[in-house]
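Please find below a colleague's note on the structure shown here. It is set out as numbered points.

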Amino acid sequence: MTSSSSINMENSVSGMIEEQSEYVGYNSDDSEMEENLQHEDGWSEDEFDAQFDTQLEYDYYGESDLDTGHTDDVEGASVPEDSVDMSQAMPSASQPEKTQKGSNGNEYPDNNRDLYCMIKEMTFISEAAAFSFYNRYAKDYGFSVRLDQVKRFDDGVIRLRRFVCSRESRRPKKQLTTEGRVYRLRPESRCGCKARLVVKFDGRTGFWVVEDFRDKHNHDPAEPCETPFLRSHRTINDAQRSEILSLGSMGVRKHLIMRKFIAGSGSFAGVGFTRKDLYNMCSRERRRLLFDGDATTAIRIMAKRKKRDPEFFYEYDVDDKGRPKHMFWCDSQSRRDYQDYGDVLVFDSTYKMNKYKMPFVPFVGLNNHRRTTVFGCAILSSENEQTYVWLLKTFLKAMCQQKPKAVITDADYAMIGAIVAECAAAGRVVLS
């Protein structure tokens with residue numbers, strides 16, 4: 001490793017830290033700060049790992065690097081059960097410097113004392129700021145970050161957080177066999193990597209200080225073309241999320257939305273997320289939308305349509321427990337079409353063809369181009385005469401009591417009975 005490469009690497013890291021200047025709030029070299037950086041209970045390295053492994057809760061950041069395809073394990077790599085001694089992370093001057101190629105395409109020292117000391121002395125204004133810095137550091141060096149173990153104060157506020165390489169730890173033995181498992185056995189993606197950054201809250205200064213930092217990996221870094229697809233480096237920002245939801249609300253298919261982003265960025269890596277991330281985000285939004293229940297959500301959507309379109313009509317009926325059981329709706333265009341082409345009305349129930357196993361009843365007719373036009377739609381919880389009477393009365397209410405000259409339907413006796421009852425109330429003769 002030449003001296004010029006070391007100088008260039010130091011300048012690169014210094015520039016990266018200067019960009020994070022808003023996160024750095026306190027640096028000190030006095031003895032008091034060094035004592036504060038030690039473990040609060042005076043743990044040794046081994047006791048620190050044992051305490052984390054037995055008492056702390058896990059909070060993983062997404063999934064491993066399996067989705068990226070970077071799942072090749074390092075053959076023959078072994079990690080001792082006890083923690084790595086810090087002298088391995090801070091080599092003596094007699095040890096020769098080794099180099100490896102990072103995801104930024106530049107060679108950097110594998111054991112760099114200045115870089116190690118610089119990160120050890122950093123402070124952050126919050127836990128999120130520490131993660132943001134370490135994630136950017138990981139992207140530059142070709143690995144992914146995962147949120148690992150955490151310690152909290154008595155009131156639940158986080159006071160210590162450990163960030164680790166996504167290939168840290170090993171898969172549990174029970175997940176290495178197909179016995180008693182429904183899902184297929186996936187390739188091993190973790191190799192016991194010990195790289196980590198541990199930060200804790202300093203009550204004296206109000207900042208987050210570095211408790212432990214280890215930059216030794218037991219696996220090869222990802223190539224520059226692979227780094228954007230690592231889990232912690234994929235994200236859908238607010239602007240992209242708004243655009244995806246807007247296109248989805250207009251009926252654009254998800255694979256076409258993904259093509260649009262790829263064409264706009266010029267490459268898959270420039271998008272910032274994968275097709276699976278897009279599908280997962282849409283699924284989360286759908287679950288959030290239906291959090292209060294499908295029926296409540298449907299009524300809320302109808303109310304919003306009513307505000308945008310004053311002529312939009314909807315009405316629903318509830319049971320004894322206040323739960324919606326019937327619903328009818330039609331928009332302004334359907335109501336205008338019925339005024340012009342409502343002489344003949346056709347309606348029939350498509351028997352339980354939806355996921356709720358409830359009959360769906362469309363009201364349709366023919367326009368002057370002999371094309372089918374929809375006058376309204378309804379979802380029913382039952383198919384008795386009382387239900388169809390409610391439906392026909394609601395339909396006439398929506399259409400300003402304009403009755404059709406002819407009604408075509410199937411041979412359902414409940415439906416025929418409802419039509420007869422309505423025609424008898426109007427003083428009309430029914431031919432069966």
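The points below concern a predicted model and take up its nonpolar cores, a helix pair and a set of strands.

1. The largest nonpolar core has 27 residues, of which F124, Y134 and F163 touch the most other members. At least two residues of this core come from each of α5 (113–120), α6 (127–141), β5 (145–152), β6 (158–165), β7 (196–202) and β8 (207–214). The most is given by α6, with eight residues.

2. The surroundings of F163 may be listed in detail. Leaving aside residues up to four places away in sequence, F163 touches E127, A130, F131, Y134, V145, R146, L147, A195, R196, L197 and V199.

3. Helix α7 (residues 238–249) and helix α9 (residues 275–289) have axes that come within 11 Å and cross at roughly 70°. Because angles of 65 to 115 degrees count as roughly perpendicular, α7 is described as roughly perpendicular to α9. On the α7 side the contact involves R241, I244 and L245, which meet L278, M281, C282, E285 and R288 in α9. Classified by type, this contact comprises five nonpolar and three charged residues, with no polar ones.

4. Strand β9 (residues 313–318) runs antiparallel to strand β10 (residues 324–330), and six bridges join them.

How values were computed
Residues numbered from 1 in each chain as written. Predicted model: local features only at pLDDT ≥ 70, side-chain atom pairs only at ≥ 80, totals over all residues. Heavy atoms only, no water. Core = buried A, V, L, I, M, F, W, Y, C linked by side-chain atoms within 4.5 Å. Buried < 20%, exposed > 50% of the residue type's maximum accessible area, 1.4 Å probe, protein only. Helix = DSSP H or I, 4+ residues; strand = E, 2+ residues; numbered from the N terminus. Contact = heavy atoms within 4.5 Å. Axes fitted to C-alpha atoms, helices over the stretch in contact; angles between N-to-C directions. Parallel < 35°, antiparallel > 145°, perpendicular 65-115°, else oblique. Nonpolar A, V, L, I, M, F, W, Y, C, P; charged D, E, K, R; others polar. Pairing = 2+ DSSP bridges.
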